[in-house]
Amino acid sequence: MPSVKVADVDFNLQQIENIIALEEGKGVEIIVFPELSLTGYTCQDLFRQQILLDAAETAVLRLMEFTRQLDIICIVGLPIEVGNILLNCAAVVQKGELLGIIPKTYLPNYAEFYEKRWFASSVQLKPTEIHYAGTKVLVTNEPTLFQTWLGVKFGVEICEDVWAPTPPSNHLATAGADIIFNLSASDELIGKNAYLKQLLSQQSARLMTGYVYASSGFGESTQDVVYGGNGLIYENGRLLKETERFSLKAQVVSTQIDVEELRVERRTNSTFVTAQQNREARIIKCRSTEIRDFVLERDINPLPFIPMSGDMQSSCEEVFSIQVMGLAKRLVHTSCKNVVVGISGGLDSTLALLVCVKTFDKLGYDRKGIIGVTMPGFGTTDRTYNNALQLMRNLGITVHEIPIRDAVICHFKDIGHDINNHDVTYENSQARERTQILMDLANKYNGMVIGTGDLSELALGWATYNGDHMSMYGVNASVPKTLIKYLVRYVAESESASESASKSTKELLYDIIDTPISPELIPADEHGNIKQKTEDLVGPYELHDFFLYYIIRYGFHPKKVFMLAQKAFGGHKVRTDVAVCAYDDETIKKWLQTFIRRFFNQQFKRSCLPDGPKVGSVSLSPRGDWRMSSDSCSTIWMKSLTPNPSPSGEGNK
């Protein structure tokens, strides 16, 4: 928002040019200024003075000359006479050309600014070609888009337009606009700013657009009202950047908008696809510009599945409630009052157990109908074993302890496997033995097995086929690994949990959260500690969940995902509310290749998943969000990261 003096066009133009020069040097591609920014919004009856209108036209001529050698696209506000009417307009200027003029459609009739006293609406305009600032230009109320030489389309609306029941941006977006620019002059009132931000957020989300809003600030007349200088940039409902309100100085706020992400959202949203049918707009092409090296400047959230601290409590409550309601419906539908859960003392099984307890309480079922089974094997450590037993006892469920060592040793003899060979057969035999026990107990107690596997494991295929991969209802099926610890912490800290969980239970849950993630299928080390750590084998889950989000949610090119990960995990702290590790480029690329390879090779496991509730925007259910051939090749994805990808030697686990 530039400094402004009411009716001092020369001063206002100079301020605008100063900002343009500064932002051009920073590589900004499109810049928008407030409504009537060349003259000032509060000129009132001075808009009837021909000298002011002529000065505005001269200013456009000077702006065209000023930008002749610049690439930046500039959108400024000014009054323009067309025939016998005066219009409140936005002029789009680039590289010495006046590309187009967009008139305002909806004029406010508030006491403090009765625009209809001076301006006409675009609906009163017949398409007219005028000679303005030395250029022949068509002024029309026909929807108009501008297209950059790289293919990005943007539209313009002015202030009150977005407050209307059917804003012009509706038509512009459904006709193809990736970004909407709004030149505004909105006064400040108690509560208005909050409503404005909600309005812009919803408009951006509904249209799946970028929305850039620039409103008048200090310098406009304060005869009756005050202007706060709002600068707001949204992307699909998310506020990316904003200016400081009530600043006495000129302000500029800029960021990058991910147009590809917006287009992916639109393509996959059938409602938007239907809405855009038969929507057309006049397209004005911008001039080509100098190609510059792209530098990613905006912050990237390294943990896209983790709510921000302000939303953590409510988001975890919502996810947990979805899990509980999903299981409750399945139990009621099947008239089942018994469930069987394998409890390892790890995060996944702990969350599944907590969901079962909450569900049983909600349905009024006896917690003894929850049969928790701990099945110590060759790699079980004292820490997880004791935590599993103590958690089940504290929660008042039925406890079974069934060691699997003897059964697995017998099985090794049957199939001729050397017990000292700790290969995939050694590991998976234990997982399948445990699943057999759970399934048979479910038959015995007329119950159902509740799955504990999570979304991250399904993406990587880190599950034993027909072992922990299988259940009768998977409550964690769409919960990523990075989110699970926060869900467990939410239960430990929530008031509802405190009614049924003693202080010792909370301390127990905290210890489970801090326990290294492991399937515990390999014997412990000489000190009795976990030796087999999952993230040492398949990579950090915070990286894999990041890859999962951007590859599956948006279908981004691996090179783009790599670039985003470099920014997110490069050491620059984007989030201070949660701990995030830093990774170098080599490490990120290594695990990205691992993710792609495993994701493709392990699809067969996802093709036959048990039912489970969807809790977020990413799900790998073969019946809903993700349908993929088990024979799909990862060749082009791998080649995009390395010229000679090595073939996969991954096992079944």
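Reply: Two strands are said to pair if DSSP finds at least two bridges between them, and the strands themselves are DSSP runs (E, at least two residues), as helices are runs of H or I of at least four residues, both numbered from the N terminus. This is a predicted model, in which local features need pLDDT of at least 70 and side-chain atom pairs count only at pLDDT 80 or more, while totals for chains, interfaces and linings use all residues. Residues are numbered from 1 along each chain as its sequence is written, and side-chain values use heavy atoms, with hydrogens and water left out.

Me: Which other hairpins have a residue with positive phi, and over how many bridges do their strands pair?

Reply: Strand β5 (residues 128-132) and strand β6 (residues 135-139) pair in the antiparallel sense over 5 bridges, with Val137 in β6 as the partner of Ile130. Their hairpin has 2 residues between the strands, and Ala133 in the turn shows a positive phi of about 50°. Strand β11 (residues 231-235) and strand β12 (residues 238-242) pair in the antiparallel sense over 4 bridges, where Glu235 stands opposite Arg238 in β12. In that hairpin, which also has 2 residues between the strands, Asn236 takes a positive phi near 50°.

Me: What makes the phi of Gln44 and of Asn278 worth a remark?

Reply: Most residues other than glycine have a negative phi. Gln44 is not a glycine, yet its phi is positive at about 55°, and Asn278, likewise not a glycine, has a positive phi of about 65°. Gln44 lies in the loop between β1 (30-32) and α2 (50-66), while Asn278 is found in the loop between α6 (270-275) and β13 (282-285).

Me: Why are β16 and β18 called edge strands?

Reply: The open sheet of 5 strands runs in the order β16-β15-β14-β17-β18, with parallel pairing. β16 (398-401) and β18 (473-474) each have a single partner strand, so one side of each is left without a neighbour in the sheet. For β18, strand β17 (residues 448-451) pairs with it in the parallel sense over 2 bridges, and Ile450 stands opposite Tyr473.

Me: Why is Val339 called buried, and which residues is it in contact with?

Reply: Val339, in strand β14 (residues 339-342), has 0% relative accessibility and therefore counts as buried. Contact means heavy atoms within 4.5 Å. Leaving aside neighbours within four places in sequence, the contacts of Val339 include Leu331, Phe360, Met448 and Ile450. Phe360 is 21 residues from Val339 in sequence, and their C-alpha atoms are 9.8 Å apart.

Me: How do you know where the model should be read with caution?

Reply: pLDDT is the predictor's confidence in each residue, from 0 to 100. The mean over the protein is 94, and 96% of the residues reach 70 or more. However, pLDDT stays under 50 over residues 496-501, with 6 contacts beyond four places in sequence, and also over residues 645-652, with 17 such contacts. Where pLDDT is low, the predicted coordinates should not be read in detail.

Terms used: Buried means under 20% relative accessible area, exposed over 50%, partly exposed in between (1.4 Å probe, protein chains only).
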